Amino acid sequence: MAKKRRPQTKAATPQLTDGEIPVVGAREPCPCGSGRRYKACHGRAAAQAVTELVRRPFEGLPGECDWVAMRELVPAATATLKLRDGLPEGVPSVTLATVLPMAWPGLRREDGSVMIGLQNDTPSGDLSRDVADVLRRALVAEPGNPVGGERPSADGPRLQDLLDPDEPLVPEVHDGFEFWLTDADSASGEVAASLERANSAALPTSRLESVEAAYWCRTPEKNHLRWVMPHGEDELLDALARLHAAGASSLGEDTRLVGSFRAHGLLVPVWDLPGAMTAEECEKPAAAFAERLSEALGASTPLTADERRARSGLSNRQITLS
């Protein structure tokens, strides 16, 4: 009987550590020497790293709640950004905007200034890394050119790496999108028509001054207050339930806490307001509510039966935006 041939072994291939694996084409052999294609070997981890959802992409940034609001709530707003390492030569300023013309992710204006749009579709699961990638490319783009979206490197920097950690985010809410243009008053033709269309679709919105990250808006049916809060979800729901059960969750006559939604890892309670209630008229009630909420957040006793029912009702009226 013929003897079985022993399998021939290949000469040993030098192995690279994970930190040394370069990125190659998905269908090319993996540089680690495994014999598999890159996409089925080290490329799998790289792909997962840029698609895995980061639940709180703005965590650690000053003004996290306002970052969420500018991403999800506010039609037209801008904020000045300060870079950790200062502005490069030829870049007089960097501005964060809710949205840019043509939904561009970024824009290097003729004067060299940079604008970054926040309300865009992003290529990975880490919004912070995606926006940081646009920012880096906008800083070196030719003046007068938009910056498109690209899939960032899995180990690329995030906003937390690029922005000054001591600089607060101070959103400026606008009535329209005139901030797109250096001289909006002289706009004509299609530019003027495009601006008018954008402005007509934007809901009137104001940021309250008495509390952080609370935004009043007007809709055809009624007005609303949407308030991005930094507290843990369970902790905040317990506090809201205590206030709701005690009849202390409203912002005054004919106002009602109707529920909340999740956005980028934070909870956003929503109140219905009378159509005649202005943003200015929300200031004192919101400040008073903030004091009641602070007290409720500090409570340590178990929820009562009424409070548990209130919590269940609030939980059942939640939706998740991201």
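How many salt bridges does the count come to? By the rule that a side-chain nitrogen of Lys or Arg lies within 4 Å of a carboxyl oxygen of Asp or Glu, the count comes to 16 salt bridges. The legends below describe a predicted model, in which local features need pLDDT of at least 70 and side-chain atom pairs count only at pLDDT 80 or more, while totals for chains, interfaces and linings use all residues. Residues are numbered from 1 along each chain as its sequence is written, and side-chain values use heavy atoms, with hydrogens and water left out.

**View 1. Salt bridges of Arg207.**
This view shows Arg207 with two acidic residues, Asp66 and Glu212. The side chains of Asp66 and Arg207 form a salt bridge with an N to O distance of 2.8 Å, and this pair links distant parts of the chain, since Asp66 belongs to helix H2 (residues 64-72) and Arg207 to strand S7 (residues 205-207), 141 residues apart. Helices (H or I, at least four residues) and strands (E, at least two) are DSSP runs, numbered from the N terminus. Arg207 also forms a salt bridge with Glu212, where the closest N and O atoms are 3.1 Å apart. In what follows, buried means under 20% relative accessible area, exposed means over 50%, and partly exposed lies in between, with a 1.4 Å probe and protein chains only. Asp66 has a relative accessible area of 2%, so this residue is buried, whereas Arg207 at 24% counts as partly exposed and Glu212 at 57% is exposed.

Arg137 and Asp133 are joined by a salt bridge of 3.1 Å, N to O. Both residues lie in helix H3 (residues 127-139), where they are four residues apart, about one turn of the helix. Arg137 is buried, and Asp133 is buried as well. A network of salt bridges also links Arg56, Glu59 and Glu64.

**View 3**
Two strands pair if DSSP finds at least two bridges between them, and S7 and S8, which run antiparallel, are joined by three bridges. These two strands form a hairpin with six residues between them, and in the turn Ala213 has a positive phi of about 60°. S8 also pairs with S9 in the antiparallel sense, over five bridges, and the hairpin of S8 and S9 has four residues between the strands. Tyr215 in S8 stands opposite Arg207, and Tyr215 also stands opposite Arg226 in S9. Strand S8 (residues 214-218) is mostly covered, as four of its five residues are buried.

**View 2. Aromatic pairs around Phe289.**
Rings of Phe, Tyr and Trp (its six-membered ring) pair if their centres lie within 6.5 Å, and planes under 30 degrees apart count as stacked, over 60 as edge-to-face and the rest as tilted. The count comes to six aromatic pairs by this rule. The ring centres of Trp227 and Phe289 are 5.9 Å apart and their planes stand at 55°, so this pair is tilted. Because Trp227 lies in strand S9 (residues 223-227) and Phe289 in helix H7 (residues 283-297), the pair ties together parts that are 62 residues apart in sequence. Trp227 is buried at 6% relative accessible area, and Phe289 is buried at 0%. Phe289 also pairs with Trp271 in an edge-to-face arrangement, with 5.1 Å from centre to centre and 80° between the planes. Trp271 lies in strand S11 (residues 266-273), and it is 18 residues apart from Phe289 in H7. Ring pairs also link Phe177, Phe179 and Trp180 into a cluster.

**View 3. The nonpolar cores.**
A nonpolar core is a set of buried Ala, Val, Leu, Ile, Met, Phe, Trp, Tyr and Cys residues joined through side-chain atoms within 4.5 Å. The largest nonpolar core has 40 residues, and those that touch the most other members are Phe58, Trp67, Val114, Leu135, Leu159, Leu163 and Val228. Helix H3 gives the most to this core, with seven residues. Apart from this core lies another, of 27 residues, among them Leu225, Leu236, Ala248 and Phe289. In soluble globular proteins, nonpolar side chains tend to be buried together.
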